[in-house]
Every structure is written in C-alpha cells, then in structure tokens.
Amino acid sequence: MRLLLAALLAWPIASHAAGLPSLRLSGGARAQALAEAATALPDAQALNPAALQTHGKSAAFSHGAWIHDISQDYLHLTWTRGQGVWGLSGQLWQTDDLERRTGPSAEPLGRFGVYEGAAGLSYARTMDRMRLGLRLKFIRQSISTQNASGGAADLGLVYDLNTHLRLGATLRNLGGMGQLDRRETDLPLEARLGAAYTGHKRLLIAFAAQQARGGDLTLHLGGEYRVGERLRLRAGYQSAENRNLSTGPGLVAGRWVVDYAYVPFSSGLGDAHRLTLLLESPSP
C-alpha cells in the first residue's frame, strides 16, 4: 500500500492542459452531490475501481444535464463472482449545434457536434483489509468530422484502517489517444486520495484531494445523513475554480435507489443536474 500511495503522490503532472474532461466526472449522482469526495466510498458506480461494491448484482443508469447544453449518460452493471466484483460501464458525453467558423463572420459556416464516449471493464478484489481494483477503458472522441480512438487504465486501492475509517487512492486515465486532425489529445491523467468515516450511526463524512494533469490541486468534502431507512440527505464543498457547493437527496425504495445532484456554477455558467436510478438484486 505504501508503495502505491507514494507513486500517487509523486506522479509528475505535466504543465500542459489535457482534453476529454468527461473522463474525470463521476458516473453517479451520489458522488456529485458529495462534491466528488467519493474516492474511498464503496459504490456500484465508483470511479475508483477498488471501491466497486454490490450485494449481488446491480444496474444503474444516470443522466446529467451539464452546463452549455452538454448532456452525460452513464450505464453501469456490477456483479459479484467469487471473491471479486466485476463491472461494465459505458458513458457518452455530447453537445450539439455548435457554430463552425474559420474567422470573424456574421453567420456561421455550419454547425457541428462534439462527442466523447468510453466503455470500461472493471475488477476489484479484497485481500485481508486491502481492496485492489483495475479498470480498462476504450475511448472514442469525435469533433465534427474528425475522430480518434484510444485506451486507458485506472488503478485503485481501498484500505480499511478500522471498522469506521477507510482510505482510498486511485490513479486514473493512464493511456493515450490516436491523432485527431494530426494531433493527439492528452488524456486527463489524475491522482486522487480520499478517506471516509462512518463512525456515527446515521452520518457519513468523506474527504478527497485531486491533482489532474495541467490543473491545480483541489480539495473535496462531503457528508451524507440518513433520515430513517429511506431518505439520504447529502451536501458537499470543493475548491474547484468554477464550482464549490453541491447537494442532493437519495431515496431508497426496496431494491431501487434514486439519487439526485445539483451543482451550481459560478461566472454565469449555469447549473448542472444529475439523476441516477439504480436497481440492486441481492445474492440468493
């Protein structure tokens, strides 16, 4: 564990910015309501592959309305097999009706769309108090008539210090893309460290720190409070440049879970909304 943590902390972050920002966004509304402070939280839609968890089989669909008419759709399938947990995931991030210009003009030359998609296969396995995870991803990017493909891997671990305190770490988007209009897009390589405390019967507190290629270190803090057996109230704060606060409830109804997240942006960029529907089928 110490070797992987040291590698995450010491990983060199390049000075130039990366593309494909959709690869950094959580797939579920729960993580977004907690301000992305979910690195150490077990979840069927976890970005940290080591945090994948289900009590048998689960299927989740998530739709997000992002700023500037960008939409995000995620599909997650997770199941246990033996001592491990497997996961299949797919995501599509898109925006249409963008104006195409080659210089100043009264009217655009046309309109185009931008699409970013990824399909992933994940596996997590517990060894004593440590859980290790790996996710392999195929990535496709399309801007107007230009297309590019690539591949990446996510590495992760979760370590239980005790029954109430859990640590998590992940190194994400290790890989590369093919050329898009004679130029390769750099993947958003990032390292995340986090902790989750569940010592209070109804309260969960999570913390995370993130460092991405070409970006600043950001801190994330989130809390979840259980009201009875069905309702979850969540809120979070992050030190990102254009967004800070986030919130959203969760509702448990038998095998169904419905989560919602609301993320307001500053600088007049608008608001983001995400809704997730999850169905979990326990092991017989």
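These questions and answers cover the fold, cavities, aromatic pairs and pockets of a predicted model.

Me: How many helices and strands are in the protein?
Reply: The model is predicted. The protein has 284 residues, and 43% of them count as buried. The secondary structure elements number 2 helices and 14 strands.

Me: What share of the contacts with a separation of 6 or more comes from residues 24 or more positions apart?
Reply: Contact here means heavy atoms within 4.5 Å. Among contacts in the protein with a separation of 6 or more, residues 24 or more positions apart account for 49%.

Me: Is alanine 148 buried or exposed?
Reply: Alanine 148 lies in strand 6, residues 146-160. Buried means under 20% relative accessible area. Alanine 148 has 4% relative accessibility, so alanine 148 counts as buried.

Me: How far apart in space are alanine 148 and glycine 178, C-alpha to C-alpha?
Reply: Leaving out residues up to four places away in sequence, alanine 148 touches Ile139, Arg140, Gln141, Met177, Gly178, Gln179 and Leu180. Alanine 148 and glycine 178 are 30 residues apart in sequence. In space, their C-alpha separation is 5.4 Å.

Me: Which strand gives the most to the lining of the largest cavity?
Reply: The whole structure holds 2 cavities of 30 Å³ or more. The largest cavity has about 250 Å³ of space. Strand 2 (71-81), strand 3 (84-100), strand 4 (110-127) and strand 5 (130-143) each supply at least two residues of its lining. With 5 residues, the one that gives the most is strand 3.

Me: Which residues are closest to the centre of the largest cavity?
Reply: The lining of the largest cavity divides into 11 nonpolar, 11 polar and 4 charged residues. Of its 26 lining residues, the closest to the centre are Leu47, His76, Ser89, Gln91 and Arg135.

Me: Which residues line the second largest cavity?
Reply: The second largest cavity has about 40 Å³ of space. Its lining has 2 nonpolar, 2 polar and 2 charged residues. They are Gln32, Glu36, Trp66, Gln238, Arg243 and Val263.

Me: How many residues apart in sequence are the parts that tryptophan 66 and phenylalanine 265 tie together?
Reply: The structure has 2 aromatic pairs. One of them joins tryptophan 66 and phenylalanine 265 edge-to-face, 5.3 Å centre to centre with 80° between the planes. Both tryptophan 66 and phenylalanine 265 are buried. Tryptophan 66 lies in the loop between strand 1 (56-65) and strand 2, and phenylalanine 265 in the loop between strand 13 (256-264) and strand 14 (271-282), so the sequence separation is 199 residues.

Me: What strands do tryptophan 86 and tyrosine 123 lie in?
Reply: Tryptophan 86 and tyrosine 123 form a tilted aromatic pair, 4.6 Å centre to centre with 50° between the planes. The pair ties together parts 37 residues apart in sequence, because tryptophan 86 lies in strand 3 and tyrosine 123 in strand 4.

Me: What relative accessible area does tyrosine 123 have?
Reply: Buried means under 20% and exposed over 50%, with partly exposed in between. Tryptophan 86 is partly exposed at 30% relative accessibility. Tyrosine 123 is partly exposed with a relative accessible area of 24%.

Me: Which strand gives the most to the lining of the largest pocket?
Reply: The largest pocket has a volume of about 1,100 Å³. Its lining has 46 residues, and Arg30, Pro42, Asp43, Gln53 and Arg226 lie nearest its centre. Elements giving two or more residues to the lining include helix 2 (29-33), strand 7 (165-177) and strand 9 (203-212). With 4 residues, the one that gives the most is strand 7.

Me: How many residues of the lining of the largest pocket are charged?
Reply: This lining divides by class into nonpolar, polar and charged residues.

Me: Where does the largest share of the lining of the second largest pocket come from?
Reply: The second largest pocket has about 910 Å³ of space. Of its 31 lining residues, Pro21, Arg24, Ala240, Asn242 and Arg243 are closest to the centre. Strand 9 and strand 10 give two or more residues each. The largest share, 3 residues, comes from strand 9.

How values were computed
Residues numbered from 1 in each chain as written. Predicted model: local features only at pLDDT ≥ 70, side-chain atom pairs only at ≥ 80, totals over all residues. Heavy atoms only, no water. Buried < 20%, exposed > 50% of the residue type's maximum accessible area, 1.4 Å probe, protein only. 1 Å grid on protein atoms, 1.4 Å probe; cavity = no way out; pocket = protein on both sides within 12 Å on 5 of 7 lines; lining within 4 Å. Points joined across faces, edges and corners; volume = space filled by probe spheres on them. Nonpolar A, V, L, I, M, F, W, Y, C, P; charged D, E, K, R; others polar. Phe/Tyr/Trp six-rings, centres within 6.5 Å; stacked < 30°, edge-to-face > 60°.
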